[in-house]
Amino acid sequence: MLPILFALVGVLAGIVVNRAADNLPPPPRRSLQETPRCPYCDAPRTRTEQFGILSFALRRDRCHQCGAPLRLRAPRVEITCALAFALLASRFAFDAYLVAVCFFTAVLLLIVVIDIEHKLILNVVSIPCTLLALLVAPIILGGTGTNFETIRWNLILFALLGAAVGYAITYAIYLLGIIFLRVVNRGRTHKITTVAFGLGDVKLAGLLGALVGFPQIIYVLIYAILLGGVGALVAILLQLLRKRGLALGMAIPYGPYLALAAWAFIILRPPM
Ligand SMILES: [Zn+2]
């Protein structure tokens, strides 16, 4: 019963994630209270249009004003969120841990959607959520079954250390990327401008460090880099198969891999 209930909550969370992914990225950044607008004609979305699964089920998958097709992103996000919440509810009993993990699952999903669509990880998402992750670290790091009698406040220290190490390692990789660009771009006419890790990834790594703690954040970063490498290889093979030629210097968007590695880690690891 609990997984079905959580799947429904997941759909609702997916609607909120879609709204945030429509409103938050600039330009212009809108508040969450504002109704999202059609990117083509700027008409405010109707209520049905804001519910991805519903609008596609009712076959009202076009903007009511200009007829531009609604993107598949909305139902995909709702379904992903519903499946993730159901999986979590089938794995963990109903308590503060389950609620916290579901909340941060939706946050990570939002970060991934905005990163894929805009190649951005927004401070307005990553920084407040890092602070919140530090505050609820005794629940998230303590694992399922944590309650007021068993709560260990010292886990905040592990989360702080995890966030600091996450920042430090990815910032070092970011700096190395900048130095690498300076070296390879010397005398080049077509300059390469993308680095492996952007500053958004650095802030995401801080959030993930707060969520998984230290030393776990080190494993998460290693898994994310491996996953990113596998993903890049698959992308290159697909390009070769389509005979499109290779885009050298193609950037790997690390955000989704970082988020995926951390999420897998959160639901699979034993409590600290
Ligand atoms: Zn429109």
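Helices here are DSSP runs of at least four residues, numbered from the N terminus. The legends below describe a predicted model.

**View 1. Serine 126 within helix H6.** Helix H6 spans residues 123–135 and includes serine 126. The relative accessible area of serine 126 is 0%, so the residue is classed as buried, the limit for that class being under 20%. Leaving aside residues up to four places away in sequence, serine 126 touches Ile121, Lys203 and Leu207.

**View 2. The two domains of the protein.** Domain 1 covers residues 1–91, and domain 2 covers residues 117–272. A distance of 25 Å separates the C-alpha centres of domain 1 and domain 2.

**View 3. The interface of domain 1 and domain 2.** On the side of domain 1, 10 residues are in contact with domain 2, which contributes 9 residues. About 800 Å² is buried between domain 1 and domain 2, and carbon and sulfur atoms give 68% of this area.

**View 4. Salt bridges and polar contacts between the domains.** Between domain 1 and domain 2 the count of salt bridges is 2. The side chains of arginine 71 and glutamate 117 form a salt bridge, with an N to O distance of 3.7 Å. Polar contact across the interface of domain 1 and domain 2 is found for 2 residue pairs, both at pLDDT 80 or more. The side of domain 1 that touches domain 2 comprises 6 nonpolar and 4 charged residues, with no polar residues.

Terms used:
Residues are numbered from 1 along each chain as its sequence is written. This is a predicted model: local features need pLDDT of at least 70, side-chain atom pairs count only at pLDDT 80 or more; totals for chains, interfaces and linings use all residues. Side-chain values use heavy atoms; hydrogens and water are left out. Domain bounds come from an automatic or database domain assignment. Contact means heavy atoms within 4.5 Å. Buried area is the accessible area (1.4 Å probe) that two parts lose on being put together, summed over both. A salt bridge is a side-chain nitrogen of Lys or Arg within 4 Å of a carboxyl oxygen of Asp or Glu. A polar contact is a pair of N or O atoms within 3.5 Å; within protein, one must be able to donate a hydrogen and the other to accept it, and residues adjacent in sequence count only if both atoms are side-chain atoms. Ala, Val, Leu, Ile, Met, Phe, Trp, Tyr, Cys and Pro count as nonpolar, Asp, Glu, Lys and Arg as charged, and the others, Gly among them, as polar. Helices (H or I, at least four residues) and strands (E, at least two) are DSSP runs, numbered from the N terminus. Buried means under 20% relative accessible area, exposed over 50%, partly exposed in between (1.4 Å probe, protein chains only).
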